[in-house]
Amino acid sequence: PGISIATPDLALNHFVNGFLPHQVVAGRLFGRCAFYQCSGAYGFRDQLQDAAACLLIDPELTKEQILRCCAAQFPEGDVLHWWHDLPGGVRGVRTTFSDDLVWLPLVVCDYLKATGDESILSIPVAYCEGEPLGPGEQERYQRVHASAMKEEVFFHCVRAIEHACNLGDKGIPKIGCGDWNDGFSNIGTQGKGQSVWLGMFLAIVFDRFAPILEARGDSYRASVFRGNAENLRGSIDQNCWDGGWYLRAFFDDGTPVGSRENSECRIDLLAQSFSVFCGMPDNARVMESLDAARKRLVDDRGQIIKLFTPPFDQSTNNPGYIKAYPIGIRENGGQYTHGAIWFAMAMLEAGRTDEGYRLLSYLNPAGRCTDAGLAQAFKTEPYYMPADIYTHRNCYGHGGWSIYTGAAGWYYRAVVETLLGIRFCGDHLEVFPRLPEGWTRFSAQVRRSGYEIELEVMKTGVESITVDGTPAGKIPLDGKNHNVLLTF
């Protein structure tokens, strides 16, 4: 199973058709291990994102990981940040990370859209039980056991969303001991720090889960979820716009992160990208924020997309363990590839296709290694997506932490779903390409167990779908082989 592509970009074809899906499945889901991290643990947010990419490869892997993560959720709604399933039982870390649990309903939404398999919502899964965190306690490694209480996957999702909606005085979620950026571990230690990015992310999940609630007969809660999404966007517009881009977070004392007022971390990539994904209402601001990120965070010569700039070094407020990294290393002002891919996707979704494709080209290790200077600086495998590329002056362009990175799954989705526009939708395949200037066609072979679809896509200026030589309204996924010509 999987997808093979043939585009004008040979380096992209080689990478996507070969090692990239292998990296997702073997490295991230099965091994959970690499030269740079030998843990073998399941990460709640980590493997859920990898499993979402597996909707393009094998949806059963996605379903299995969803159920596994439901079993790592506490009845209170929070989850294990990571865990080992050991012979003596499950041991893991219970934390106040604010975003982990939100990935569960998001990936369930992805699964439902791709497969149409609504039966997953009714599968009962036991929660896990363990010692709760005490007042002011940020994390604890502990043994947990299965609870006698079981609920359907649907209710696991609802508990996660409602637990995550813990808002501060800015009208956005509290950050806890970190959000997607684990290194922001000190921003909210007093329980008042807030995450702008998480507000955008949560708005997406509220919007996407509302139709599921309606389908289950809970129109009241669906209305509340939609209202919550609008309120989050409104609060971000009112309180988190810095005059040229969106802020990233607020410390416990209200000091902003990602502001022009900051000497360090003046602009952060994530909030600018997610302003597109969550549909922030002021499109002029969204475009201005993308311009600001493109200008300040992308090095075209070195083909590097920084997570933020400048790195943390001497600032008074301590954001957390991110500051322990040398400047320009990993999250501390280097390229954190996971986030860089989101920026490329945001450019594509915003209609800036040439810019988005160029950024995807920068991120492709196979393409990077066709340039002698970049390859010599990179010093990393040309066939694995790296988690990082350093911007420290003594190792500029050096790749790090390859193989075991969630960037692999997101790059696969960025190319297949966002650039080429290929998405599974239950009983049919959607194709809505966002091709750069100069691309007039591409082809793809879409394989599922027992059947294949040969897809040819051409830019002609006329929209049409032909299945096996006959005009059709959609591309069927009916278990039969088909030859499809799509023009747009």
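Trainee: What follows α11?
Mentor: Gly 351 follows α11, and its phi is positive, near 90°. Helices are DSSP runs of H or I with at least four residues, strands are runs of E with at least two, and both are numbered from the N terminus. Please note that this is a predicted model, where local features need pLDDT of at least 70, side-chain atom pairs count only at pLDDT 80 or more, and totals for chains, interfaces and linings use all residues. Residues are numbered from 1 along each chain as its sequence is written, and side-chain values use heavy atoms, with hydrogens and water left out.

Trainee: How many residues of α11 are buried?
Mentor: Of its 13 residues, 12 are buried, including Trp 342 and Phe 343. Buried means under 20% relative accessible area, exposed over 50%, and partly exposed in between, with a 1.4 Å probe and protein chains only.

Trainee: Changing topic, how many aromatic pairs are there?
Mentor: The structure holds 25. Phe 44 and Trp 83 form a tilted one, 6.4 Å centre to centre with 55° between the planes. Rings of Phe, Tyr and Trp (its six-membered ring) pair if their centres lie within 6.5 Å; planes under 30 degrees apart count as stacked, over 60 as edge-to-face and the rest as tilted.

Trainee: Which parts does that pair tie together?
Mentor: Phe 44 lies in helix α3 and Trp 83 in strand β3, so the pair joins parts 39 residues apart in sequence.

Trainee: And is Phe 44 buried or exposed?
Mentor: Phe 44 counts as buried, at 0% relative accessibility.
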